[in-house]
Amino acid sequence: MIDFIIERYNFWIYVILMMIGLYAMITKRNLVKKVIGMNIFQTSIILFFISLASKRGGTLPIMKQAHGLENFPVDPSAYINPVPHVLMLTAIVVMVATLGVALAILILIYRKYGTLEEDEILKRMQ
Amino acid sequence: MIILFDLIILIFVVICAVTAITVKDLLSAVMILGAYSFFMCLLWTEMGAVDVAFTEASVSAGIGTILFIAAIIKTTRRSKD
Amino acid sequence: MTDQAPILIIIIPLMFALMTPLIGWIRKNLCYPWVLLSLTLSALSSFIILRTVLLRGIISYKLGNWDPPWGIEYAIDHLNALMLVIITVISLIVAVYSKKSIQREKPDKIVHFYTIFLLQVTGFLGMVVSGDLFNIYVFLEIASLAGYALIAIGDERAPYASFRYVVIGTIGASFYLLSVGYIYSVTGSLNIADVARLLPELYNSNVILTALVFMFAGIAIKMAMFPVHAWAPNAYTHAPSAVSALVAPLMTKVAAYLMIRVSFTVFKPHYIIDVISLNSFISWIGAAGIIAGSIFAIAQNNLKKMLSYSVVAQIGYIALGIGLANSYGLTGAVLHIVNEAFTKGCVFLAAGGIVYKLGGCNIADFKNLFRKMPFTMTAFTIGAFSLIGIPPTCGFFSKLYLILGSIEADQWTFVGVLLFSSILNVVYFFRVIQTAAFEKQMSDYSREDPYEKVPMDEVPLTMLIPIQIAALGILLCGIFNSEIISSVIKYAIPPGL
Amino acid sequence: MEVTLLIEAMDSSFRVLEDAKNQAVDIMNSAVRVTSETRTIEEKKLVNIFKGAQSRRAILQNTVATFVILFGFWTVLSGIFDLFHLTLGVICSLIISILTHDLLFANVRVGDIKLTIIRFIRYLPWLIYQIFVSNFYVAYLVLSPKMPISPQIIRFKTKLESDISWVVLANSITLTPGTITIDIKDGEFYVHALAKKVADDLNTGEMEDRVAHIFMEADHIYVQDVLDVAPIFGVLRKGI
Amino acid sequence: MNTFFLVIGIGLCVLVFFVLYRVVFGPGVFNRIAAISAIGTKTLIIILIMGIIYNRIDMFVDISMVYALLNFIGTLAAAKYLEIGGEKL
Amino acid sequence: MIRKTDDIIIRTVARILVPFIQIYALYVIMHGHYSPGGGFQGGVILGASIVLLLITHGLVETKKKIPEKAIALFSSMGVFIYAGIGVLCLLLFGNFLDYGKLSVILNIPPAAARAMGILGVEIGVSITVMAVMISIFTSISTAEDHSKYDKEH
Amino acid sequence: MNTASIIAALFIILFTVGGLFFFTTSTIGLLRFPDFFTRLHATGKGDTLAVLFSLIGIGIYEGLSLTGFKILLIAVFMFLAQPTATHAISKAGMRYGLQPWKKEDSRK
Amino acid sequence: MKIVNLILVLCIGGFLIYGTLDMPRWGDPDSPASKHVSPRYIQKTVEETATPNMVTSILADYRGYDTLGETTVIFTAGMACILLLRNSIRKNRND
């Protein structure tokens, strides 16, 4: 049982974080809170990917010596899987880009309605 | 991966996330989101993802928090929930 | 050069988009021909690709010369090629159209508007052409970000609609990314062909089920399918008219393409149909979407909003066709994608023309519009006929195939739904056409001469020609539907259906 | 009669004399003004010429100094010493030093920098010792159960003159636990002190003296031991 | 030696846990900012300790240096906000 | 947000730190091959250094260093460098982004040519990222503030 | 294990534990002190010596190499940036209108 | 409304956890993710690209097209911010 938990808990925590973010995104009335929830949500996905990459007994995905490795056979299980790291670099970039656009739109909304609360915006629309 | 660190930091991360979405002052929420990013960065160094940690560190410390604060300056700091 | 056509179709709009701000420094007006040039080149290369695919079969292009599971690969078959042609043609039409309308609506933002316009087209093309699950996500985000920005510059309420689109769209994209991660965790690969090769051994695992469900959920959100369509109507209504004419036909169709790709290429039809039987669920949701979208559309007074709900309904048709999962149904779905792209392009362009002239989009204001703008309204009527499903237009044939598919699948309910929805379509389009053609202003009755000549007040030529071309496209697709099906769509249907 | 005449004559003559004197004073004043104006103009012209030449020289010197420092930093960071990476380092440091030559050495006079650095390095151990001692004091404050703190804000006027010395002093004060520089207004430091002891330590002014010693201020060491152009620099500094 | 550094790291984590009390319960934004900057310094050391445990400290030093160089920008921005445009809550 | 601050300490420290941050960013970009880092991270740090200048020295002073047009130029130039390297490979009869083909021009073995291609690409990425970070920050901070709203209502 | 390495290990332990000790005091100060400014005394720069000690300890562990130099540079930048941030936030607090805690208040 | 949302979120979370039950163990060196594609990157990165950092070599070379897309995303975001917030006439530039 303990083994089962230790083997999985990382995935579960990611789910918890994702739920927190998703809850903030769909329930919170304040738009900045929604953006914060969005940030948490995306970070949790990154956490999931990085958990996929980790390898017991593996070291960083950077070769220990730079030169003279051309003819050496390298043991793949000694290094952490680098692919999810690459994907997540891209995902972080997307996160920042989305953050910028969302904040820009938020400022436009505030300029129009003078508030950031969703219910007040809906009230002022009518 | 160092399981002991992993567990502790995961707990920190969850605490920070919950606080960031429950606190009513948006500036505080944003600063706590910065702390959340610290812990995420720590988590990733702990799992060996140095590049991702590096990116997270530079993004959160360099740009993310400041963009939020700039946006809050242009809008408002109050929040109902 | 034909070997490199698959990459040129991405690179041309991208490079031209990068240079657009610099062109804008020299002179603002140069942006428009610049965009037209790039889209024309892109359309040419898409036609080259279609021809090559028809002649030689599936094209595979290795980016960076790395072999597929390691590098990123383009795999272009008939379906991709067809989608490429549709996207480039529609975006070219919209680009021609956008000159006057964007000058009217946002005169000070032309340069950046065109930059993001091209980037959006790049995103669409990249999503369609790519053969790598993660690469699709990246281009999905390009298209989405461009879409958020373009929608947000619309009218008064546009920023709020756009913000909701940001939130919901991010959820969708993140679900997609999540399911890519799930697939990666059990297969270790991201290439679609490789994943499709590896997956059948894992069909009884929870991971694959979760991945499939979340991928469908994410794509459904991007596609504005019925229960998660909430962002779409407001976003399309409040966007500038050129933008809604670009986003409404293409974004949803590209997502529909993705859904076909996911359900029949990444996962084999066997899994979807026999193992978890998700397809009937999808078709039921599609049927519900048809009815709900049509009913919502009837309730609207704003033409653009009505058309937006009509998008939701039409997405239901495509989902229904995908869910039927037989040859007829899928043919109908693909043909409906073609038809919908042209039809929605046509009607949104016409609506934009009406907004350009009337300043608003309220159906009650449309009195005497047929005399005022005869060509626009004719095109609109053709589009409406296609949406209803009246024979010479393409919509009739796609619905026919959908009905045939339903009959083959023994789902008589869906036949009923399809027929009933046609009636609903008649109801809401007839309201518009009737107002525009037959109703007179109240003041007209009081006048002496009820048949007083209303002066013709047609939209400018750069707007009129694209509308007419789109209408012509509907008719041509209808007339040559058997050719399209026998030469392209037949090969796009996955074997085993 | 004659007496009155005489008196009147004297009066008028005095008046004349007075007028003459006034006129003479006016003339003198205007002459003085004119000469002083011309002199200031000429001085200004000279100063400008000097400043232009000096500023060009200063820019060059600043750039070179920045380049050297940045390149040293690069070498420490890089740790790869083949030709390619060293070339990259030269290019990068050159770009940055051209872009930011006025940032690193904005208000520092050029000639005395070597001595400043040496003195600054000599100052550091003392600072660290201070930090060490006061850290123990703060640790005592924190850990003692009664927590004998008595926060207070103290204010003192500094005798330092230049920006950089202010900053060094302020940061030294802030680095030393127990004291925070809250504000600097017109040469007055407002310091929040945690307890009376640290406030008294600060009031002895030892830190200030040491900082003054680094930047050769207040005790005017530079007149004797640095450069003979120091007065010109003094003039320039006021001119700027 | 690794075990020793592991213990030090765990100790720092426990300290961070106590600092989190101030982050969560405030009161007010100023205390939170102070606590967060304290977390930043501890994080910097923990990253280096991770490097020792992985035995690849030369890779981890860079991350630490990013924090040393950039961490105060956020605090500066927040301080500036509170100084100039700050609404009071 | 981007008004000049009147605090001499903050200004001086920012002034001193900015060159070091920038050279560090360039180090991160150039040494992405051997240690963590690369174009994106270096670009963000470069952007952060300019942002630091913006919040301490103000917009006017920063514009003298890096004018607005330069930022606009950089933001397209970076992607252009990236795609241009890809197209260069295309012109050398390779596939898109096949840096191995650059060995013909650079006269080095293909593996080293790939390393050079990676370096060029990272420089392109960093330029775009830097420019975009600055332009997002300036756009957000120079947007009209809410006082306009208050006047209207 | 020769004498030099034992002495080095002793120094490492001394410095690192010293760093941990000062971190602990600063954290306790953060929790115990009555108001914002006094807490700032504890954390904002009570950490300085702790950071310095820890970095010295790690630097000795790493030995005389470029990485050791980098660790030294980290310390330098920390010493430059940390007090600035503290100063900025305390000044903001003063301008914002926070009242510093006075000893007399505690008697009430 | 909040309750409904909470239940929805919990359902999604529960479903995701259900999916993770069949996943390879956390940190398993023999999981498919680290057996299928990634070994080649680890073994050949120095030989093929002369770059010891695998992340960089994959990011910019093996999957360089993704990074092109990523850079385009950033570019799009910058253009979007300018499009949304810049007006042709700006009054208070220095605030």
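A salt bridge here is a side-chain nitrogen of Lys or Arg within 4 Å of a carboxyl oxygen of Asp or Glu. Keep in mind that this is a predicted model, where local features need pLDDT of at least 70, side-chain atom pairs count only at pLDDT 80 or more, and totals for chains, interfaces and linings use all residues. Residues are numbered from 1 along each chain as written, chains are lettered from A in the order written, and side-chain values use heavy atoms, without hydrogens or water.

Start by selecting G:Lys91 and F:Asp6: their side chains meet in a salt bridge, 3.9 Å from N to O. Across the interface of chain G and chain F, the rule finds three salt bridges. On the side of chain G that touches chain F, the residues divide into four nonpolar (Ala, Val, Leu, Ile, Met, Phe, Trp, Tyr, Cys, Pro), two polar (the others, Gly among them) and three charged (Asp, Glu, Lys, Arg).

Now show both chains: nine residues of chain G are in contact (heavy atoms within 4.5 Å) with nine of chain F.

Next, jump to chain D. Strands pair if DSSP finds at least two bridges between them.

Pick S1(D) and S3 (188-193) of chain D: they pair in the antiparallel sense over six bridges. Last stop: D:Gln152, which stands opposite D:Ala193 in S3(D).

Methods:
Helices (H or I, at least four residues) and strands (E, at least two) are DSSP runs, numbered from the N terminus.
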